[in-house]
Amino acid sequence: MTGPEEPSPPSAKETNEAEFEEALAKVETNLAQIKERYQQVQRDRQRQAELQHRREDIRAELKPNPLPQLKEELKQIQEQLEIIEVNLESQLFSWGNLQEPFWQAIRFGGLGIIIGWLLKGCTS
């Protein structure tokens, strides 16, 4: 009488394939995020150019004829431009990009302090 066969542990080849598939999925996800961010940046740059052009038109209109509606529109355009500039700048600095160097600095800085204390203790 034979019992139910126990599944054999995964072979090294199966493990490597699973790790590769997982890494590939992660790369694909990251690529999709980068593409999405790139499209957002392109839209923001286009919108920024449009708003800057409109701002210059309004400024030209304000010189001979200062209307309150134009001043209000100019204020709104300036606020939108500031928001877009923050969005465009945030593409360069994000926690995801700074996370690894930050933790490496903490790790190695802390390690340096501990080694310094040990060396000072040994020499005293």
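Figure 1. Ile115 is partly exposed, with a relative accessible area of 43%, where partly exposed stands between buried, under 20% relative accessible area, and exposed, over 50% (1.4 Å probe, protein chains only). This residue lies in helix α3, which covers residues 95–123; helices (H or I, at least four residues) and strands (E, at least two) are DSSP runs, numbered from the N terminus. Together with Phe108, Leu111 and Leu119, Ile115 forms a nonpolar patch on the surface, and the four share about 400 Å² of accessible area. A patch is made of residues with over 30% relative accessible area and no salt bridge, like charges being joined within 9 Å and nonpolar side chains (Val, Leu, Ile, Met, Phe, Trp, Tyr) within 5 Å. Accessible areas come from the Shrake-Rupley method with a 1.4 Å probe, and for residues only the protein chains shown count as cover. The model is predicted, so that local features need pLDDT of at least 70 and side-chain atom pairs count only at pLDDT 80 or more, while totals for chains, interfaces and linings use all residues. Residues are numbered from 1 along each chain as its sequence is written, and side-chain values use heavy atoms, with hydrogens and water left out.

**Figure 2. The protein chain as a whole.** The secondary structure comes to 3 helices and 0 strands, and along the sequence the pattern reads α-α-α. Of the 124 residues, 10% count as buried. The chain exposes about 10,800 Å², of which carbon and sulfur atoms supply 59%.

**Figure 3. Helix α1 and its buried residue Asp44.** Helix α1 has 51 residues and reaches 73 Å from its first C-alpha to its last, close to the 75 Å expected at 1.5 Å a residue; the expected span is 1.5 Å times one less than the number of residues. Its buried residues are Val41, Asp44, Gln48, Leu51, Arg55, Ile58 and Leu62. Asp44 is buried yet has no salt bridge, and the nearest side chain of opposite charge, that of Arg37, is 4.8 Å away. For charge, Lys and Arg count as positive and Asp and Glu as negative, while His and the chain ends are not counted. Leaving aside residues up to four places away in sequence, Asp44 touches Ile84, Asn87 and Leu88.

Figure 4. Side chains of opposite charge can pair when their charged atoms come close. A salt bridge is a side-chain nitrogen of Lys or Arg within 4 Å of a carboxyl oxygen of Asp or Glu, and the structure holds 5 of them. Arg54, Glu61 and Glu73 are linked in a network, in which Arg54 meets Glu61 at 3.8 Å, N to O, and Glu73 at 3.0 Å, N to O. Arg54 is partly exposed at 28% relative accessibility, as are Glu61 at 36% and Glu73 at 26%.

**Figure 5. The salt bridge between Arg55 and Glu56.** The side chains of Arg55 and Glu56 meet at 3.8 Å, N to O. Arg55 counts as buried at 14% relative accessibility, whereas Glu56 is partly exposed, with a relative accessible area of 40%.

Methods: Contact = heavy atoms within 4.5 Å.
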